[in-house]
Amino acid sequence: MRHLSKVVLRPLAAGLALAAVATVAVHAEDAKKADAKPDPALANQLNPNDKTAEPDEKLLAKDAAVKVEDGKYFDAAGSPTFHITDNGKKVDWYTYSGYRRYHAECHVCHGPDGMGSTYAPALKDSLKYLSYEEFVGIVVGGKQDVNSSTQKVMPAFGDNKNVTCYMDDLYVYLKARAAGAMGRVRPGEKEDKPEAARKQEKECLGG
């Protein structure tokens with residue numbers, strides 16, 4: 001799973017999203033074969049005073065990290081997930097990066113903090129049910145929701161490296177918002193940037 005970014009985030013057409021889904025499914029199956037019980041040492045420590053958060057106990061349990069590899073946390077399905085410590089004051093690197101990338105590339109349409117707008121859905125709600133595979137497929141290939149009263153079009157971002165090179169970051173940030181693990185706040189403290197993240201970033205951006 002930690003190598004998914006190299007597979008999904010290179011080129012850049014909707015067709016590639018289908019290959020990405022297949023790759024993710026293989027990794028997810030491998031993860032399910034392993035011990036998928038949450039590790040108490042990886043338990044999230046949320047801020048009870050953050051009134052802008054809306055904790056969803058079922059999602060928090062489902063999204064709980066069961067392992068960490070090279071500074072990236074994974075849930076029982078093998079998908080990237082968030083990790084929050086120090087009474088909600090500190091987040092993992094990918095959640096922090098996802099917050100920054102979201103507000104650089106996505107908030108104009110989807111609203112600050114994933115809250116949505118008059119013409120784009122609230123991603124903090126969408127990520128309550130979208131899987132990692134579905135999220136990647138939509139971001140890379142785009143989506144159209146057309147009916148008799150509305151026409152909403154999500155453009156494909158498969159050729160935008162400022163998005164695709166940080167797919168996992170965006171996902172874990174929005175996943176944290178969906179589960180109510182963090183509210184409408186800028187992350188304060190953060191874990192150090194993993195060397196694996198530096199390497200993947202450099203390879204993806206072509207540096």
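**Briefing: a buried lysine, a pocket and a disulfide**

Lys72 is buried, at 7% relative accessible area; buried means under 20%, exposed over 50% and partly exposed in between, with a 1.4 Å probe and protein chains only. This is a predicted model: local features need pLDDT of at least 70, side-chain atom pairs count only at pLDDT 80 or more, and totals for chains, interfaces and linings use all residues. Residues are numbered from 1 along each chain as its sequence is written, and side-chain values use heavy atoms, with hydrogens and water left out.

**Lys72**
- Lys72 sits in strand E2 (residues 72-74). Strands (E, at least two residues) and helices (H or I, at least four) are DSSP runs, numbered from the N terminus.
- The Lys72 side chain makes a polar contact with the side chain of Asp168 (2.5 Å). Such a contact is a pair of N or O atoms within 3.5 Å; within protein, one must be able to donate a hydrogen and the other to accept it, and residues adjacent in sequence count only if both atoms are side-chain atoms.

**Sheet**
- Three strands form an open sheet in the order E4-E5-E8, with mixed pairing. Strands E4 (84-85) and E8 (189-190) are at the edges, each with a single partner strand, so one side of each has no neighbour in the sheet.
- E4 pairs with strand E5 (residues 90-91) in the antiparallel sense over two bridges; pairing requires at least two DSSP bridges. Val91 in E5 is the bridge partner of Ile84.

**Largest pocket**
- The largest pocket has a volume of about 570 Å³. A volume is the space filled by probe spheres set on grid points, which are joined across faces, edges and corners.
- A pocket is an open set of points on a 1 Å grid over the protein atoms alone, where a 1.4 Å probe fits, with protein on both sides within 12 Å along at least five of seven lines; lining residues have an atom within 4 Å of a point.
- The largest pocket is lined by 28 residues, and His110, Pro121, Leu123, Ile138 and Met154 lie nearest its centre. Elements giving two or more residues to the lining include helix H4 (93-105), helix H7 (132-141) and helix H9 (167-179).

**Cysteines**
- The structure holds one disulfide, a pair of cysteine sulfur atoms within 2.5 Å. Cys165 and Cys204 form it, with sulfur atoms 2.0 Å apart.
- The Cys165-Cys204 link is left-handed, with -85° about the S-S bond. Both Cys165 and Cys204 are buried.
- Cys106 is in no disulfide. The sulfur of Cys109 is 8.7 Å from that of Cys106, its closest cysteine sulfur, too far for a bond.
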